Amino acid sequence: VTPPPSPAKIRARKGGTPLVCLTAYTTPVAQLVDPHCDIVLVGDSVGMVLHGLPSTLGVTMEMMSLHGRAVARGLKQAMLVVDMPFASYEESPQQAFRNAARLMAETGAAAVKLEGGVHMAETIAFLVARGVPVMAHIGLTPQSFNTLGGYKVQGRGAEADKVLADARAVAEAGAFSVVLEKLPESLSRRITEEVAIPTIGIGASPACDGQILVIDDMLGLFTEFQPKFVKRYAELGAEAEKAIAAYAEEVRARTFPAPEHVFSDEGKGK
Ligand code: KIV
Ligand code: NA
């Protein structure tokens with residue numbers, strides 16, 4: 001296996017073969033996605049898809065560290081990026097550095113991701129200057145859904161210039177890539193053409209330099225709601241439901257465990 005690409009290597013793939021990215025939160029899923037991905041993100045979406053939280057606002061440093069370590073154990077060739085959770089970086093560049101360094105040290109991640117454009121540029125520059133590679137995240141930034149007024153498409157009409165300014169600011173601040181979430185195609189294309197770092201889209205059209213999806217969404221495991229930008233590549237939730245129902249029925253009918261699952265008095269501990 002080839003070792004994981006560095007953030008600098010990822011940056012150099014601007015305009016090339018699209019970057020393949022997925023989230024993962026556990027070791028077995030990390031092992032499944034690793035051979036196919038350039039980047040595996042431990043997203044703060046973990047709070048919603050694995051912990052039942054109503055938004056990403058309740059996600060803690062402890063949760064990101066725990067899932068980050070689990071995912072790190074399952075990766076061989078993909079680069080690990082860990083999300084900085086809400087309230088772990090917004091207060092000051094110093095606070096951001098302290099928490100980013102902690103996540104990198106505890107998980108072995110090559111980089112962190114944080115939400116925000118122009119207003120986070122100073123923090124991004126502060127981190128990069130101190131050895132913390134940063135993936136930026138602009139457009140729809142779920143940690144700000146209260147101030148954004150929901151999970152709406154961003155950057156339509158007159159708002160476009162503001163999102164473009166965010167993209168320019170994070171690129172200039174030294175981010176090695178930027179996630180574009182829920183933007184109209186024309187704006188994603190414009191940003192991708194104008195900034196020198198790879199754009200990684202989620203609900204941001206094929207004009208981006210790469211794509212990312214939440215693994216539980218694309219596998220049909222998280223079905224509470226489904227954004228338009230999610231394509232379900234499998235229906236594992238429905239499959240699991242069938243398996244669980246079959247188990248329950250067989251236990252009640254005493255047809256499970258069957259003879260092949262049962263230990264006898266003889267035999268060698270098998
Ligand atoms: O938390 C997350 O999973 C993310 C990606 C969807 C970009 O931020
Ligand atoms: Na996130």
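## The second largest pocket

About 360 Å³ of space lies in the second largest pocket, where a pocket is an open set of points on a 1 Å grid over the protein atoms alone, reached by a 1.4 Å probe, with protein on both sides within 12 Å along at least five of seven lines. Its lining (residues with an atom within 4 Å of a point) counts 22 residues, and H119, G139, T141, L148 and K162 are the closest to its centre. Helix 8 gives the most to this lining, with three residues. By class, the lining has seven nonpolar, 10 polar and five charged residues.

## About the model

This is a predicted model: local features need pLDDT of at least 70, side-chain atom pairs count only at pLDDT 80 or more, and totals for chains, interfaces and linings use all residues. Residues are numbered from 1 along each chain as written, chains are lettered from A and ligands numbered from 1 in written order, and side-chain values use heavy atoms, without hydrogens and water.

Of the 26 residues lining the largest pocket, S45, P142, E181, V214 and F229 lie nearest its centre.

Note on methods. Grid points are joined across faces, edges and corners, and a volume is the space filled by probe spheres set on the points. Helices (H or I, at least four residues) and strands (E, at least two) are DSSP runs, numbered from the N terminus. Ala, Val, Leu, Ile, Met, Phe, Trp, Tyr, Cys and Pro count as nonpolar, Asp, Glu, Lys and Arg as charged, and the others, Gly among them, as polar.
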